[in-house]
Amino acid sequence: MTANPASATKGTSVTLTATPETGYKLKTLTVTKAAGGEVTTMPDNNTPTKYKFTMPESNVNVSAVFEHASKNIPLTLEAIAAGSITITNPWSTLKFTKNGGELTSCGGAAEHDIIVEANDIICFYAESSGNSANYGTKNMEISCTADCYVYGNIMSLVTLETGATSASQWNPEETTLTTGYAFNRLFWQNSHIKNHATKTLYLPAATLTESCYSNMFTECTILSYIKCLATNISAESCTTIWVRSVATSGTFVRPASTTGWTTGEHGIPSGWTTEDAQ
């Protein structure tokens, strides 16, 4: 955060610049008088990270809150090359959009193929997980025949409103998982998903449930970045074999307060760098 000028007298126009780190965006910016009371700020229409205010008669305090930009993006696969995305055992409420089009249901069949060209964007939504306690054929899996970027908030798969007709009817603020096995085997053996340069695969659930992430990224051999915001990973088998045979080097981001992570296929991938979540 910078201010121009850095020191000002009453009546002076001050410009604040709040520059987020890569992958984040400014959520709120607040200026308050030291003596109490909020100061009106005006955004710069040409530069979204700049705000102006008029210096009051007292000192001020400036507070900026940033949020992860991928938080508001639903779970997304963006095709790098032409091919198909196959959903095996799609949940009954699973829907998707293609390039921002209408919500389309793909539940009810044993398998559903989405044909894609390079740069096609497929976003996924569902009301809740349809997975069961079985590790086998009853759990939904998403695979690709050609490389795709994967990013966005995985909670779009469990927060779509009942009977939704719009892709906006899901909750990016949700951080609670209510069922076990929620995303078990979701990208099982999908060797074609890779990380986007600026958009992150976002796993915001605070408390994990039984087997919710187990086998999730097994043999996703080119996946090299995971951001998991869980602060409680004590649930039984919640990350069992979840990162077996991912990329040999990468970055794992988690809250500094989280304890219990191991190194290896059941925890933080071996050879990866660990970072604290901002």
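In which sense do strands E1 and E2 pair, and over how many bridges? Strand E1 (residues 2–4) and E2 pair in the antiparallel sense over 3 bridges. Pairing here requires that DSSP finds at least two bridges between two strands.

This is a predicted model, in which local features need pLDDT of at least 70, side-chain atom pairs count only at pLDDT 80 or more, and totals for chains, interfaces and linings use all residues. Residues are numbered from 1 along each chain as its sequence is written, and side-chain values use heavy atoms, without hydrogens and water.

**Overall fold.** The protein chain has 20 strands and 0 helices. Both are DSSP runs numbered from the N terminus: helices are H or I with at least four residues, strands are E with at least two. The C-alpha trace spans about 70 × 40 × 35 Å along its principal axes. Of the 278 residues, 46% are buried, meaning under 20% relative accessible area with a 1.4 Å probe, protein chains only. Contacts are heavy atoms within 4.5 Å. Among those between residues at least 6 apart in sequence, 74% join residues at least 24 apart.

**Strand E2.** Leu-16 of E2 stands opposite Ala-3. In E6, Leu-16 has Tyr-51 as its bridge partner.

| Pair | Sense | Bridges |
|---|---|---|
| E1 and E2 | antiparallel | 3 bridges |

Terms used. Buried means under 20% relative accessible area, exposed over 50%, partly exposed in between (1.4 Å probe, protein chains only).
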